[in-house]
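User: Hi, I'm new to this one. Could you walk me through it?

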Amino acid sequence: MVSEPDSKIVIGRICLMILGAVLLFLGRKGVLEPLLMIPMGLGMIAVNAGILHFAESPLGPAHNGTLFLDSLEQSNDKLMTLMQVDWLQPIYTLTFSNGLIACLVFMGIGSILDITYVMARPIQSMVLALFAELGTILVYPIGVAFGLSQGHAASVALIGGADGPMVLFGSLMLAKDIFVPITVIAYLYLGLTYGGYPWIAKAMIPRRLRGMAMPPEKVKPRQASPAARLAFVVIACAVLCLLFPVAAPLFLALFVGVAVKEADLKPFVDLLSGPVLYGSTMFLGLILGVLCEAKVLLDPVVLPLLLLGILALILSCVGGILGGYLLYFTSGRRYNPIIGMAGVSCVPTTAKLVQKEAAKINPRAIILPQALGANVCGVITTAIICGIYITLLNK
Amino acid sequence: MTSNIISQTLFIYALTIVISMAVAYMIKGLNAVIFHFEDAHKRRMSESSSSSNGKAA
């Protein structure tokens, strides 16, 4: 006999079904990231509809999961059983909860990264990226002030880096008990950055500056050869893994993607940038959607995470724009400050967003190379902060 | 507790700045070294091709 659910839970499930439909619709319209939002929205609708009338899972009162997977099960014996019952359980257990899917996404991202501008102007790109980590840094003490533990506060602060796989990896290391809501919130918000960041840019940067074309540089930077770029990849990967062994899987995943691209291994580039990246993104979206069950999201611990997550992303955007202004003033007003927003490492969304906003005002404003430089450095700085948080707080 | 967390945050940001800028300068230095070797290689290649042209003439 299955008991009737609490009416609050039923209302929550109906609201989440509506939210799933909205995400799916906005993804279809291109307002939010469609690659993530369409499977995620459908997953949310399906899971909440499938268990709408159940107080407990149909598998029994001891089984807290859903029809599709149980994210809370810890016992190896029960997991083995669940993997033979719940169809998404194998993907969740073998790729999601151990961070493998984050590393696969990182490999795919690495294989499409263009590090040419980073190598030509590393200092400039890195300064922007450091400013754009404002949210990742400031939300940590704010989270502790909200009563979160240090690990929980650091995990939610990582949302400010706007790097989904990094949030997943960091929260698995620092806040395993709440990594599901943190990751769901991070990906929900990452979709929203697509629609929300242009408004922050409009509020902080006058139209004239947003559409400013970058004048040609007096001294043109020399382009590094593919061999030089490959040497950089090898040395940077070795140094960062040496400094942060705990974040080494992420560094290796990112740099193996870049190395494959720079070594011009076309079959591997096609594999990583196609099936691996898109396959992982699709299953990531689907699993996140399925995890958006009312019981998980109506937990009282989620409310501060919702607030702190959005605060982290807003602060990072504001910090990036301040960095853009710094370069604008120090370069003799020749630098478009909106590029700072690309320091938020949502690769390559924020770089494309920055270019789109500038081109809307002035179609001749080509700022994508600079934006991609800041974007790539954003990934590196977020990985460094993730490594520092894990090293200092993972006890 | 509060001052501890604030000083820890400052330390984390300072450490991030130091490591990130070290990576940026490493890229810059690496570029300089690689360009130096590439230039030297090109010079040697052009010298050897001009000397072989001289022999052929």
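**Helices, cores and contacts**

User: Is the crossing of α5(A) and α10(A) left-handed or right-handed?
Analyst: The crossing of α5(A) and α10(A) is left-handed (the near helix is turned anticlockwise from the far one by less than a right angle; clockwise would be right-handed). Please note that this is a predicted model, where local features need pLDDT of at least 70, side-chain atom pairs count only at pLDDT 80 or more, and totals for chains, interfaces and linings use all residues. Residues are numbered from 1 along each chain as its sequence is written, while chains are lettered from A and ligands numbered from 1 in the order in which they are written.

User: At what angle do the axes of α5 and α10 of chain A cross?
Analyst: Helix α5 (residues 100-112) and helix α10 (residues 164-174) of chain A cross at roughly 150 degrees, and their axes come within 9 Å. Axes are lines fitted to C-alpha atoms, for helices over the stretch in contact, with angles from 0 to 180 degrees between N-to-C directions. Helices are DSSP runs (H or I, at least four residues), numbered from the N terminus, as are strands (E, at least two). The angle makes α5(A) roughly antiparallel to α10(A) (over 145 degrees; under 35 is roughly parallel, 65 to 115 roughly perpendicular and the rest oblique).

User: Which residues make the contact?
Analyst: A:A102, A:V105 and A:F106 come from α5(A), and A:P165, A:L168 and A:F169 from α10(A). Contact means C-beta atoms, placed from the backbone, within 7 Å. By class, this contact has 6 nonpolar, no polar and no charged residues. Nonpolar covers Ala, Val, Leu, Ile, Met, Phe, Trp, Tyr, Cys and Pro, charged covers Asp, Glu, Lys and Arg, and the others, Gly among them, are polar.

User: And how do α5(A) and α15 of chain A pack?
Analyst: α5(A) and helix α15 (residues 266-291) have their axes 8 Å apart, at an angle of about 140 degrees. The two helices are therefore oblique to each other, and α5(A) passes α15(A) in a left-handed crossing. Among the residues in the contact are A:L104 and A:G108 of α5(A) and A:L272 and A:V276 of α15(A). By class there are 11 nonpolar, 5 polar and no charged residues.

User: What about α18(A) and α19(A), at what angle do they pack?
Analyst: About 155 degrees, with the axes of α18(A) and α19(A) 9 Å apart. That makes α18(A) roughly antiparallel to α19(A), and the crossing is right-handed. A:T350, A:A351, A:V354 and A:Q355 of α18(A) meet A:L368, A:A371, A:L372 and A:N375 of α19(A). These residues divide into 5 nonpolar, 3 polar and no charged.

User: New topic: how many residues has the largest nonpolar core?
Analyst: It has 150 residues, and those with the most contacts inside it are A:I159, A:L250, A:I287 and A:V354. A nonpolar core joins buried Ala, Val, Leu, Ile, Met, Phe, Trp, Tyr and Cys residues through C-beta atoms within 7 Å. Helix α19(A) gives the most to this core, with 16 residues. Leaving aside neighbours within four places in sequence, A:I159 is in contact with A:V167, A:I185, A:A186, A:Y189, A:G309, A:A312 and A:L313.

User: Now the loops. Is A:A162 buried or exposed?
Analyst: A:A162 counts as buried, because it has 31 C-beta neighbours inside 10 Å. The cut-offs are 20 or more other C-beta atoms within 10 Å for buried, 12 or fewer for exposed, and partly exposed in between, with C-beta atoms placed from the backbone. A:A162 lies in the loop between α9 (150-157) and α10 of chain A, with a positive phi near 55 degrees though not a glycine. A:R333 also has a positive phi, about 60 degrees, without being a glycine. With 10 C-beta neighbours inside 10 Å, A:R333 counts as exposed, in the loop between α17 (302-330) and α18 (349-361) of chain A.

User: And how many residues of chain A are in contact with chain B?
Analyst: 27 residues of chain A are in contact with 21 residues of chain B. Helix α13(A) gives the most to that side of chain A, with 7 residues. By class, the side has 23 nonpolar, 2 polar and 2 charged residues. A:I235 sits in helix α13 of chain A and, leaving aside neighbours within four places in sequence, is in contact with B:M26 and B:L30.

Terms used. Contact = placed C-beta atoms within 7 Å.
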